[in-house]
Amino acid sequence: MSSTLLLTFNFPPHGGGIARMMGELALRYPPHTLVVSTGSYPDSAELDGRFPQIIDRAGIRATRLRTINGLVLWSARAGRLAQRYRFGFTWCGELKPAGYPAWWIARRRGIPYGVVVHGTELLLLDAKIRRSRFKRWTAGGLVARATVLVANSAWTGDLARRVYELLGRPDLAARVQVVPLGTDPTQFRPGIDARSVRARHGLGGGPWLLTVARLEWHKGIDTVIRALPAIRAAHPGVRYAVAGVGPRQGELEQIAGQAGVRHAVKFLGFVAEEDLPALYNAADLYAGASRYHDLLVEGFGISLVEASASGIAVVGGRSGGVADAVRDGETGLLVDPEQPAAVAAAINRLLADETLRRRMGAAGRRAVETYYNWDRVCGDLMRIDREFRRP
């Protein structure tokens with residue numbers, strides 16, 4: 001069988017959930033059947049050696065892949081790879097920028113391609129299509145030409161179908177397939193010794209709420225902070241740890257101060273991936289009050305299933321694709337992420353009922369073992385590859 005090409009801006013050592021997903025895909029495809037085309041990072045050769053695939057670093061820095069010159073070079077490189085390996089199918093890790101070289105080799109060599117869509121890029125595309133004929137022609141052409149769009153949640157799938165309708169191609173809605181994401185239950189699991197992580201980050205006492213996210217408004221961290229006074233009124237020892245970096249830390253610290261809970265909120269900054277499993281085990285409850293904000297939204301929420309894999313109950317925002325990651329009433333509770341009172345009520349309910357909290361944590365662990373895991377996700381993607389590849 002011919003090989004598969006994976007074009008992706010997001011690939012290790014690049015951080016984030018998309019890069020993690022692309023790395024897991026490269027690990028799980030049969031050895032030597034996938035060629036990964038991505039950007040260069042210093043000292044990535046040792047990392048590339050852990051993948052049983054060809055990792056082609058495209059000869060340019062990863063940051064340049066988003067530029068016009070970078071796209072031209074990347075498309076030319078992808079064309080040479082296609083000539084050498086005679087691919088049967090191309091995966092795009094994201095719509096942009098990977099969709100452009102995929103579109104190019106599809107036109108030049110007839111190689112069908114599929115795009116993994118994550119939510120936010122479709123919101124942006126929706127807005128651009130509505131206001132710009134040029135964007136309708138360029139960016140819209142990437143999804144119209146794709147053989148299949150793989151959405152990371154039912155919500156993202158609905159959004160993709162809406163984009164096809166805006167393009168005047170409702171007939172293409174059948175090209176959308178939904179593959180909810182997952183995590184690694186061997187990496188994220190209960191029972192990991194959290195003492196060193198607690199000591200390193202000053203996480204003594206508790207109970208501790210935890211959020212692992214980039215510090216952006218759509219992550220709902222401010223809503224959890226605003227909920228803390230009501231939470232601490234019922235459970236005085238509760239504190240809130242936030243792991244991640246981003247542009248909103250100063251404003252979030254100010255919100256905590258205004259709410260009178262600055263002493264109860266601890267910003268951990270960047271936490272290395274190898275420390276995350278222990279960090280989840282240091283927490284008593286996970287808070288992921290993500291919401292729609294300024295064309296940003298959680299298309300799925302990998303940190304939510306990482307918490308579930310670790311046996312922790314979750315309080316999530318009823319927004320975007322979070323409902324595909326948190327089974328309301330089973331693995332956690334979904335609430336209105338715009339209402340601090342709703343967030344506080346759900347958290348207080350779980351903190352007051354240890355039996356319920358443990359039952360939801362155990363249910364979350366089972367859900368990851370049986371469904372929300374990378375083996376199932378990558379198996380679904382390989383099935384789609386087989387379905388749509390050219391002979």
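Which order do the six strands of the open sheet take, and is their pairing parallel or antiparallel? The points below answer this and go on to the rest of the chain.

1. This is a predicted model. Its open sheet of six strands runs in the order β10-β9-β8-β11-β12-β13, and the pairing is parallel. The edge positions belong to β10 (265-269) and β13 (332-335); each has a single partner strand, so one side of each is left without a neighbour in the sheet. On average, neighbouring strands here are turned by 20° against each other, direction ignored.

2. Helix α9 (residues 221-234) packs on this sheet, where it touches β8 (208-212), β9 (239-243), β10 and β11 (285-288). The direction of α9 makes about 165° with that of β9.

3. Helix α12 (residues 302-309) is mostly covered, with eight of its eight residues buried. The buried set consists of I302, S303, L304, V305, E306, A307, S308 and A309. An α-helix has 3.6 residues a turn, so residues three or four places apart point the same way. Just after α12, G311 takes a positive phi of about 80°.

4. Strand β1 (residues 4-7) is covered on both faces: T4 and L6 are buried on one side, and L5 and L7 are buried on the other. β1 runs parallel to strand β2 (residues 34-37), joined by four bridges. It also pairs with strand β4 (residues 89-92), again in the parallel sense and over four bridges. T4 takes part in both pairings, standing opposite L34 in β2 and opposite F89 in β4.

5. How does the chain get from β1 to β2, and what is the hand of the crossover? The path goes through helix α1 (residues 17-28), and this β-α-β crossover is right-handed.

6. Backbone geometry deserves a separate look. Most residues other than glycine have a negative phi, and most peptide bonds are trans. The following two points list exceptions.

7. Two peptide bonds to proline are to be noted. The bond from P12 to P13 is cis, with omega near 10°, and P13 lies in the loop between β1 and α1. A cis peptide bond also joins K96 and P97, with omega about 10°. The place of P97 is in the loop between β4 and α4 (99-109).

8. A58 sits in the loop between β3 (54-56) and α3 (68-85). Is A58 buried or exposed? Its relative accessibility is 6%, so A58 counts as buried, the cut-off for that class being under 20%.

9. L295, also not a glycine, has a positive phi near 65°. This residue is found in the loop between β11 and α12. With a relative accessibility of 26%, L295 counts as partly exposed, because that class lies between the 20% limit for buried and the 50% limit for exposed.

Technical notes:
Residues numbered from 1 in each chain as written. Predicted model: local features only at pLDDT ≥ 70, side-chain atom pairs only at ≥ 80, totals over all residues. Heavy atoms only, no water. Buried < 20%, exposed > 50% of the residue type's maximum accessible area, 1.4 Å probe, protein only. Helix = DSSP H or I, 4+ residues; strand = E, 2+ residues; numbered from the N terminus. Pairing = 2+ DSSP bridges. Axes fitted to C-alpha atoms, helices over the stretch in contact; angles between N-to-C directions. Contact = heavy atoms within 4.5 Å. Right-handed = clockwise from strand over helix to strand, strands pointing away.
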